[in-house]
Amino acid sequence: MAANKGRSGVAVLFQGVGFLFAALLVLHLLFILTGIASEGELAGSVAQAAEPLALFFPGLLSVDLPVLQVLLDYGLAACFWVLVGGLLGRVFG
């Protein structure tokens, strides 16, 4: 709590949005890897939200293993959003 003292609300907002985007991507990644992606409304909703957030990362790197491909596609996108949220938080903080 003391570490956030002095930060602006805009900085916290950017960091929070970046974390939220990354969390959606990681949740989608977990749904795909566990096989839940084809079941239920929650997995479908998360997939609809995660697909546009993955930006250009799906297919950016091509590997032969499907599990590694999914990890790279959505893991890199999640890392991107954490970094962008953190950088914007620093700039506006």
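This is a predicted model: local features need pLDDT of at least 70, side-chain atom pairs count only at pLDDT 80 or more; totals for chains, interfaces and linings use all residues.
Is His28 buried or exposed? Its relative accessibility is 4%, and buried means under 20%, so His28 counts as buried. What does His28 touch, once neighbours within four places in sequence are set aside? Its contacts are Val46, Ala47, Ala50, Glu51 and Tyr74.

Now for the helices themselves. Two packed helices are described by the angle between their axes and the distance between the axes. Here are the two helices in question:

| Helix | Residues | Residues in the α1–α2 contact |
|---|---|---|
| α1 | 9–34 | Phe21, Leu24, Leu25, Leu27, His28 and Phe31 |
| α2 | 41–53 | Leu42, Ala43, Val46, Ala47, Ala49, Ala50, Glu51 and Leu53 |

Sorted by type, the residues of this contact come to twelve nonpolar, one polar and one charged. The axes of α1 and α2 come within 9 Å and cross at roughly 125°, and α1 and α2 are therefore oblique to each other. The crossing of α1 past α2 is left-handed.

Zooming out, the chain has three helices and zero strands, which gives the pattern α-α-α along the sequence. Its C-alpha atoms fill a box of roughly 45 × 30 × 20 Å along the principal axes. The chain has 93 residues, and 25% of them count as buried.

Definitions and conventions
Residues are numbered from 1 along each chain as its sequence is written. Side-chain values use heavy atoms; hydrogens and water are left out. Axes are lines fitted to C-alpha atoms, for helices over the stretch in contact, and angles run from 0 to 180 degrees between N-to-C directions. Helices (H or I, at least four residues) and strands (E, at least two) are DSSP runs, numbered from the N terminus. Angles under 35 degrees count as roughly parallel, over 145 as roughly antiparallel, 65 to 115 as roughly perpendicular and the rest as oblique. A crossing is left-handed if the near helix is turned anticlockwise from the far one by less than a right angle, and right-handed if clockwise. Contact means heavy atoms within 4.5 Å. Ala, Val, Leu, Ile, Met, Phe, Trp, Tyr, Cys and Pro count as nonpolar, Asp, Glu, Lys and Arg as charged, and the others, Gly among them, as polar. Buried means under 20% relative accessible area, exposed over 50%, partly exposed in between (1.4 Å probe, protein chains only).
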